[in-house]
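Biologist: Hey, I've just opened this one and I'm new to it. Could you walk me through the pockets, the cavities and some helix packing?
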Amino acid sequence: MLKKTVAGLAGIATLAFAGAAGAQEPIKIGLLLPMTGPFASTGRQVEAAARLYHGQHCQTVAGRPVQILLKDDTGTADVTRRLAQEFVVNDKVNVLAGFGLTPLAFATAPIATQAKTPMVVMAAATSAITEQSPFIVRSSFTLPQVTVPLAEWASKNGIKRVMTLVTDYAPGIDAETAFKGRFTQDGGQVLSELRVPLRNPDFAPFLQRVADAKPDAVFVFVPSGVGAAFMKQFSERGLDKSGVRLIATGDVTDDDILNEMGEVALGTITTHHYSAAHDSPENKAFVEAFRKAANMRPNFMGVGGFDGMHLICEALKKTNAGAGDALVEAMKGMKWTSPRGPVSIDPETRDIVQNVYVRRVERRDGELYNVEFATIEAVKDPVKAAKK
Ligand code: PHB
C-alpha cells in the first residue's frame, strides 16, 4: 500500500515535471535553403531576413521559445527531401520553410502532406507549387503573376516583335507561357522561344540568335543570382547598343547583385513585387535593419523570408501555438503591410496576393536601383484565377 502510494506520488511528480517542461518546449521552424552552390545568394537572403524577423517579433509565442533550425539543401532535390524527412522525424519541427528552387518544393510537398506539417514556400515561384499539398502556403510570388503585367506594358509601349529567353525549368516555362499568352492576345508576335539550361548556363549562342533576328525586345527570366552573368554576356555581344530592348522579370535585376551589373543594366524595364527602393516607411525600416544585421541590400528573396516568418508567427499567435491544419487555416486570408506593400494570402489557393510594380533601373546616390513607376494592385496568380 505504502509502496503503491510512493509510486503514485512519483508518477504525479513526473507528470508535473513533464508538464512544466512541456510549457517551455520550443516551437521549431525547419528552414531548408541552398546555402552553398550556385543558388547560395537565395539561401543567404532568406536566412538573414528570417532571422531578422525572428529577432524583432517572434522570439516566443504562447510562452514558448521559437527556434529556427537551418539545413543546407545545396539546391538539390534529393538532399532537400532527405533533410525535410529528418526535420519531421527527428526534430519534430512545427513548420517546414524556405525552398529556394521549384524542384526542391516539389520534392518536399509529399512529406508535408504525410506529416501534416505546414510548409511555407518563401522563395520558389512556379504557379503549380501550392497545388502539390494542402499544407503549402506561399510568401514569395508566382512567375505568371509578375509576367502578365510586363506583357501588357510591352504591348502598350510600342513593342510588337519579341523573342523570349528563359531558364529551362518550371518557373522559366511558366514565365514563357504567361508572356506569350498575354502578349499575343494583345496582338504582339513572339518570334521564338529560347530556353537556357539551369546548370552552368552559357547565354552566348542564344544571344547571338537575338542579335541576328533583331526583335523589338527580348523578354528574359533567369532565377535569382544568375542575372549578373546574363547581363555580362548581353553587353559582351553588344546587345545593349543594338536597339533590342531588354524587358525582364525582376529576378534578372535582383537587388542583391544589381550593383555588380554596372551601366549595361541602366534602363532595363522589369516587373516584380519587390524593390529595395520601394517608397514606404515599412520598407525603409526593413532595408535599414537588414543592412545593419546582414550588411547587404535585401532582395525579393529576402522579403519572401521576412514575410514568410510573419505568416508563421502570426498564425502561431492566433492559434496559441497550434499545429498542422489549424496553423494552415490561420494563414488563409491573413492580410498585412509588408515592406513590398499590402499583401494577403488567398484563402482558396494559399498563394500571396500582392501589388506588381513596373520599374526601370536607374542610378540613385551612386547605386543602381529598380525604381518603381507604375503599380498594378492586388494581383492574384493568373494561372489559378483562369482555372476557376
Ligand atoms: C524557382 O525555382 O522557383 C525560382 C528560383 C529563383 C527565382 C524564381 C523562381 O528568382
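This is a predicted model: local features need pLDDT of at least 70, side-chain atom pairs count only at pLDDT 80 or more; totals for chains, interfaces and linings use all residues.

Biologist: Which residues are the closest to the centre of the largest pocket?

Modeller: Those are Ala 276, Ala 277, Lys 284, Val 287 and Tyr 369, out of 13 residues that line the pocket.

Biologist: And which elements give two or more residues to that lining?

Modeller: Helix 10 (281–294) and strand 15 (367–379) do. Helix 10 gives the most, with five residues.

Biologist: How does the lining of the largest pocket divide into nonpolar, polar and charged?

Modeller: Seven of its residues are charged, four are nonpolar and two are polar.

Biologist: OK, next one. What volume does the second largest pocket have?

Modeller: About 210 Å³. It is lined by 13 residues, and the closest to its centre are Asp 240, Val 244, Arg 245, Leu 246 and Leu 266.

Biologist: Which strand gives the most to the lining of the second largest pocket?

Modeller: Strand 10, residues 245–249, with three residues. By class, the lining of this pocket has seven nonpolar residues, three polar and three charged.

Biologist: What classes make up the lining of the largest cavity?

Modeller: There are 13 nonpolar residues, four polar and one charged.

Biologist: And how much space lies in the second largest cavity?

Modeller: About 60 Å³. Its lining includes Asp 346, Asp 351, Lys 380, Asp 381, Lys 384 and Lys 388. Thr 349, Ile 352, Val 353 and Ala 385 line this cavity too. The elements giving two or more residues to it are strand 14 (352–364) and helix 13 (382–387).

Biologist: How do the residues of that lining divide by class?

Modeller: Into six charged, three nonpolar and one polar.

Biologist: Let's switch to helices. At what angle do helix 3 and helix 4 pack?

Modeller: At about 25 degrees, with the axes of helix 3 (residues 77–89) and helix 4 (residues 102–115) 8 Å apart. That's why helix 3 counts as roughly parallel to helix 4. The crossing is right-handed.

Biologist: Which residues make the contact?

Modeller: From helix 3, Ala 77, Thr 80, Arg 81, Ala 84, Gln 85 and Val 88. From helix 4, Pro 103, Leu 104, Ala 107, Thr 108, Ile 111 and Ala 115. That contact divides into eight nonpolar residues, three polar and one charged.

Biologist: How about helix 2 and helix 11, where roughly do their axes cross in degrees?

Modeller: Roughly 40 degrees, and the axes of helix 2 (residues 40–57) and helix 11 (residues 300–318) come within 7 Å. So helix 2 is oblique to helix 11. Their crossing is right-handed.

Biologist: What residues of each helix take part there?

Modeller: On helix 2, they include Val 46, Ala 49, Ala 50, Leu 52 and Tyr 53. On helix 11, Met 301, Gly 302, Gly 305, Phe 306 and Met 309 are among them. By class, the contact of helix 2 with helix 11 has nine nonpolar residues, eight polar and two charged.

Methods:
Residues are numbered from 1 along each chain as its sequence is written. Side-chain values use heavy atoms; hydrogens and water are left out. Axes are lines fitted to C-alpha atoms, for helices over the stretch in contact, and angles run from 0 to 180 degrees between N-to-C directions. Helices (H or I, at least four residues) and strands (E, at least two) are DSSP runs, numbered from the N terminus. Angles under 35 degrees count as roughly parallel, over 145 as roughly antiparallel, 65 to 115 as roughly perpendicular and the rest as oblique. A crossing is left-handed if the near helix is turned anticlockwise from the far one by less than a right angle, and right-handed if clockwise. Contact means heavy atoms within 4.5 Å. Ala, Val, Leu, Ile, Met, Phe, Trp, Tyr, Cys and Pro count as nonpolar, Asp, Glu, Lys and Arg as charged, and the others, Gly among them, as polar. On a 1 Å grid over the protein atoms alone, a cavity is a set of points where a 1.4 Å probe fits but cannot get out, and a pocket is an open set with protein on both sides within 12 Å along at least five of seven lines; lining residues have an atom within 4 Å of a point. Grid points are joined across faces, edges and corners, and a volume is the space filled by probe spheres set on the points.
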